[in-house]
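Please keep the sequence and the structure in view while reading.

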Amino acid sequence: MTNRVIVGTDELNKIHLLSLVASETDNAVLIFDRDLNLEYVNAGFTKMTGYNMDEITLIKGRSLFNITYNDNFPQIFDDAIVERTSKVYESSMKHKDGHELWTSSTLTPVFDEQGDLKNVVVIDTDITERMRMERQLQESLEERGLLLKEIHHRVKNNLQIIISLFNLQSSYISDESALKALKDGQHRIKSMALIHERFYQSEGLSKIDFDDYIKRLTENLFLSYNINQEKIKFKIDSVKVPLDIDTAVPCGLIVNELVSNSLNHAFVGRETGEIFISFHPLGESHCRLIIADNGVGFKEGFVFENSDSLGTQLVTALTEQIDGRVAYENNNNGLKYTIDFKRV
């Protein structure tokens, strides 16, 4: 709110008229002379602060700078004079009875016809209730944030317990196919536990940077499969794209399935290889996830859509869950998956 004020010889009468109008409201009006000494307060000031003019000047003095409570007030005042405009600022003070009082103040310099400062008018509006509600809202948000952090932490810990139980159970299993299924289940649970860990560690609790999650997840997979990273290289091309938990969990499981598939099958009989992941926004509302390897690819005649493997069915179901579509390329250069999905 800005307005330039220049008045004529009857400016003081007009200012008092302004105070009479303001006295009909709950706003406080303070009028200072050219020397910035207080010369008038209306009934609204007394109603708002509990002080009359004699009391406030006895305690604070008459100077505008002593009566105003904003720490940045000298700069605010200088700007108002230089720009010849009104300035709005907020202040905290104590009511006469001791309770905290917040005001939104509009300071307006008044100039005479020669352009010299004649008066300064300050109109205060009580915003204590608004500030109280904002403070309560902030405290509520902080409490909610702590609660969400605790939930993510507990979910992650519970998933870690399940992973440990899987580890114990695996020592009693001799069947290779059953053991592999158990290990695959472990990796899926780890991918979800890692997401909850990232949410717990993040400053914003509603989203995580998925590119950082991809790096952590693939590092864990390489360790779990005991992959020699000198032989099997891993490359990521991604940018920071925040995802909410309802999108991050399915995406994390998709990455887990496809990278695990490459580590299990792509480089059989080969000494070296490379796995590549790309993750970028696609327009304003979608993302594109690419997972590729330069391994042996699918056997001739394989049709992804007709596969009955659990991993393929999971990728298809998870892609549908995030309102996406999956395409794949299978050739002599290896296998490449492209998944486009809607970003919430």
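In which crossing, left-handed or right-handed, does H9 pass H10? In this predicted model, H9 passes H10 in a left-handed crossing, and the points below place that pair within the chain.

**Overall make-up**
- The chain contains 10 helices and 12 strands, and of its 344 residues 42% are buried.
- Among contacts with a separation of 6 or more, 61% are between residues 24 or more positions apart.

**Nonpolar cores**
- The largest nonpolar core has 39 residues, of which Phe210, Leu243, Val255, Phe279, Leu289 and Phe341 touch the most other members.
- At least two residues of this core are supplied by each of helix H7 (176-201), helix H8 (210-224), helix H9 (245-266), strand S9 (273-282), strand S10 (286-293), helix H10 (310-321) and strand S12 (334-342), and the largest share, 10 residues, comes from H9.
- A further core of 25 residues lies apart from this one, and its members include Leu30, Phe77, Val120 and Val122.
- Leu289, when its neighbours within four places in sequence are left aside, is in contact with Ile214, Ile254, Val255, Ile277, Ser278, Phe279, Tyr337, Thr338, Ile339 and Phe341.

**H9 against H10**
- The axes of H9 and H10 come within 9 Å and cross at roughly 155°; since angles over 145 degrees count as roughly antiparallel, the two helices are therefore roughly antiparallel to each other.
- On the H9 side, Asp246, Pro250, Leu253, Ile254, Glu257 and Leu258 meet Gly311, Leu314, Val315, Leu318, Thr319 and Gln321 of H10, and by class this contact has seven nonpolar, three polar and two charged residues.
- Thr319, which belongs to helix H10, has a relative accessible area of 2% and is therefore buried, the limit being under 20%.
- Beyond its neighbours within four places in sequence, Thr319 is in contact with Ile254, Gly324, Arg325, Val326 and Ile339.

**H8 against H9**
- H8 and H9 pack at an angle of about 35°, their axes being 10 Å apart, and H8 passes H9 in a right-handed crossing.
- The residues that make this contact are Phe210, Tyr213, Leu217, Thr218, Leu221 and Phe222 from H8, together with Ala248, Cys251, Gly252, Val255, Asn256, Val259, Ser260 and Leu263 from H9.
- By class, the contact of H8 with H9 has 10 nonpolar and four polar residues, and no charged residues.

**Two residues with accessible surface**
- Asn264 is found in helix H9 and has a relative accessible area of 26%, so that it counts as partly exposed.
- Leaving aside neighbours within four places in sequence, Asn264 is in contact with Lys180, Asp184 and Tyr225; the C-alpha atoms of Asn264 and Tyr225 are separated by 8.4 Å, although the two residues are 39 residues apart along the chain.
- Lys299 is placed in the loop between S10 and H10, and because its relative accessibility is 73%, where exposed means over 50%, Lys299 counts as exposed.
- Lys299 and Asn331 are 32 residues apart along the chain, and their C-alpha atoms are separated by 9.7 Å.

Key: Residues numbered from 1 in each chain as written. Predicted model: local features only at pLDDT ≥ 70, side-chain atom pairs only at ≥ 80, totals over all residues. Heavy atoms only, no water. Core = buried A, V, L, I, M, F, W, Y, C linked by side-chain atoms within 4.5 Å. Buried < 20%, exposed > 50% of the residue type's maximum accessible area, 1.4 Å probe, protein only. Helix = DSSP H or I, 4+ residues; strand = E, 2+ residues; numbered from the N terminus. Contact = heavy atoms within 4.5 Å. Axes fitted to C-alpha atoms, helices over the stretch in contact; angles between N-to-C directions. Parallel < 35°, antiparallel > 145°, perpendicular 65-115°, else oblique. Left-handed = near helix turned anticlockwise from the far one by under 90°. Nonpolar A, V, L, I, M, F, W, Y, C, P; charged D, E, K, R; others polar.
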